[in-house]
Amino acid sequence: MCGIIGYTGEKYAPEILIQGLKKLEYRGYDSAGIAVSCNDDTVICKTQGKVDMLEKKLENINMRGSVCGIGHTRWATHGEPSDINSHPHSGGKNVTLVHNGIIENYIELKQMLAEKGMTPVSETDTEIAAMLIESLYDGDPVKTIFSAISQMHGSFALGIMFRDFPDTIFAVRRDSPLIIGVGENENFIASDIPAILPYTKKYYLMDENEVAVITKSQVAFTDENGRNIQKKLLTAAWDEQSAQKSGYKHFMLKEIHEQPKVVADTISAYKNKTELFEDCSFDFDITGRIYITACGSAMHAALLGKQMIEKLARIPVSVEIASEFRYNDPILDKDDIVIAISQSGETADTLAAVRLAKSKGIRTLGIVNVWGSTLAREADDVIYTYAGPEICVATTKAYLCQTVVLAMLALRLGRHKMEDSQYCAELERLSSLSDYISKALELDDICRQLASKNLKAEHQFYIGRGQDYCVCTEASLKLKEISYVHSESYAAGELKHGTISLIVDGTPVIAVMTDRSRIAKTISNIKEVASRGAAVICVTYDDIDVSDFCRDKIVIDAPGEYLAPVIANIPLQLYAYHIADGRGNDVDKPRNLAKSVTVE
Ligand code: F6R
């Protein structure tokens, strides 16, 4: 939520800030802005709308000679998307800053500042933070920042400039991510790694309760007692290419097509010829229950994980949305384990759920895509997905890798229930999974055709049972978030308990059938909607004949039934993509959304 970039070096700062903001735009695109040091002053340019609009506005502004600045792309929380509420915000005379997060006590701070005669011009919590720092400034930026954050409640990553220090960026964070990129005669701050990849792969992770002071030649970290902090310089595993569209029309399409590779990478990271997770520190001997907590698509992966783990390992699994889990006072036993799944590793509710579990002495495992993210650092153990940078706001490849990790986890936890030969056969199946994913990608044409048939439908339904219902939850979310078509996913047997009244002549219903033990039952449910006029598309195996009651069929092939839901997702991602694209939507940046939801 909100992207921050900062640059100090020898190059023209506005250009680098704009390029960085383009890479971070997936974090929010309600407005964009930059501030640079120029002619002994700090010049701000900002606008409602996307980074392209900022770039246009900048054409008329002279920032010549500026080599240091900060930038921001916003997902609005406090105050509507508007020019005035856009970042950077000025504190008055000396301080200019960009912010990701929420200052929860900004009303009290605003009142306190009003008593000093300071009045904000915007409706944002961020301007209050800028004014607070301004009010405390005594010539020592680091001391001032520590003093200000001791009065601020909530979450923040701040990139701050002081007019007195035109070539320096100051940074601080609490519960919102921030990294420091380290280049040759240039350094950066950024919310995420893709923004710095064109310039450097070297970076520091910022920790809480420290202030970074960044000039073109030096990065220094200081604690609140003024002591210097030594940190490890890290190297990003991702390359620049992986954060580019590479000829695809949208990042989403590119990321869907990357799935054979990223799934193969994820599997090979944790599988050798005879075993899974051999080098993993996680203790797979679980004697209690498993709780899986996550948000959005990651929660849908969790639902599938529950099916897989309960089937293969017979360990009871509860799945709870993280924003509910954290406030439900969950009944956790010391032998239970909490698994948190997150692409970004920065989702506020998921992090809070992990912190709650840890506070009760419960073991936690993070399944996470972003190296060094907060979840990766705070969970007791971590299993990484190897999806690489995911730029499209709607997840595809990261979600798929999550389902694959859960399938491996289910296998590993169920290992003692299997003969060695069966276990080895399952490992073989895993090894072939990415070939089946490649084959599923060949369904692109048929998915495009089906999408064009249903382009104008304003309501669509997804039905399935068990593991197939889990596929439906994700497929339905994918469709609605990028196409703005109303869609619902239903356990196939549940539809007639009310929702079937929404089915009218021509309503598209997508039925998923990969669990052979339930196909007969799902077919009955398909017939119920088909007889009421639904235009049913069935996603199932070649040998299942649905021609009498389904208008269309998407044929999938999978290496074993419990991996079939992973495959069934692929055509439904493509279907959602082509509907959104066919409707002329901004597929990679759907309205109102942001990737990485760092507020609750
Ligand atoms: C939907 C989507 C979201 C995320 C959710 C959790 O396409 O991407 O529903 O899955 O916001 O995000 P992470 O996985 O970063 O915790």
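Helices (H or I, at least four residues) and strands (E, at least two) are DSSP runs, numbered from the N terminus. The model is predicted; local features need pLDDT of at least 70 and side-chain atom pairs count only at pLDDT 80 or more, while totals for chains, interfaces and linings use all residues. Residues are numbered from 1 along each chain as its sequence is written, and side-chain values use heavy atoms, with hydrogens and water left out.

Two residues other than glycine with a positive phi were examined. Asn39 lies in the loop between β2 (31–38) and β3 (41–48). The phi of Asn39 is positive, at about 50 degrees, although Asn39 is not a glycine. Asn39 counts as exposed because its relative accessibility is 66%; buried means under 20% relative accessible area, exposed over 50%, and partly exposed in between (1.4 Å probe, protein chains only). Arg314 is found in the loop between α8 and β17 (317–321). Its phi is also positive, near 55 degrees, and Arg314 is exposed, with a relative accessible area of 62%. A further backbone feature is the cis peptide bond from His87 to Pro88, with omega near 0 degrees. Pro88 lies in the loop between β4 (68–74) and β5 (89–90). For reference, most residues other than glycine have a negative phi, and most peptide bonds are trans.

The ligand is surrounded by 13 residues, the closest being Ser342, Gln343, Ser344, Thr347 and Glu481; a residue is near a molecule if one of its heavy atoms lies within 4 Å of it. This shell divides into four nonpolar, seven polar and two charged residues. In this division Ala, Val, Leu, Ile, Met, Phe, Trp, Tyr, Cys and Pro count as nonpolar, Asp, Glu, Lys and Arg as charged, and the others, Gly among them, as polar. Helices α8 (296–313) and α15 (467–483) each supply at least two residues of the shell, and α8 gives the most, with three residues.

A backbone N or O atom of Gln343 lies 2.6 Å from a ligand oxygen, and a polar side-chain atom of Ser344 lies 2.7 Å from a ligand oxygen. For a polar backbone atom of Thr395, the distance to an oxygen atom of the ligand is 3.0 Å. Taken alone the ligand exposes 410 Å², of which the protein buries 88%; accessible areas come from the Shrake-Rupley method with a 1.4 Å probe, and for residues only the protein chains shown count as cover.

Helix α15 also contains Gln467. Gln467 counts as buried because its relative accessibility is 2%. The side chains of Gln467 and Thr514 are joined by a polar contact of 2.9 Å.

Two isoleucines were also examined. Ile337 lies in strand β18 (residues 337–342) and is buried, with a relative accessible area of 0%. Ile337 and Thr287 are 50 residues apart along the chain, and their C-alpha atoms are separated by 9.1 Å. Ile500 is placed in the loop between β22 (486–491) and β23 (508–513); at a relative accessible area of 16%, Ile500 is buried. Ile500 and Ala534, 34 residues apart in sequence, are 10.0 Å apart in space, C-alpha to C-alpha.

How values were computed:
Polar contact = N/O pair within 3.5 Å; in protein donor to acceptor, adjacent residues only side chain to side chain.
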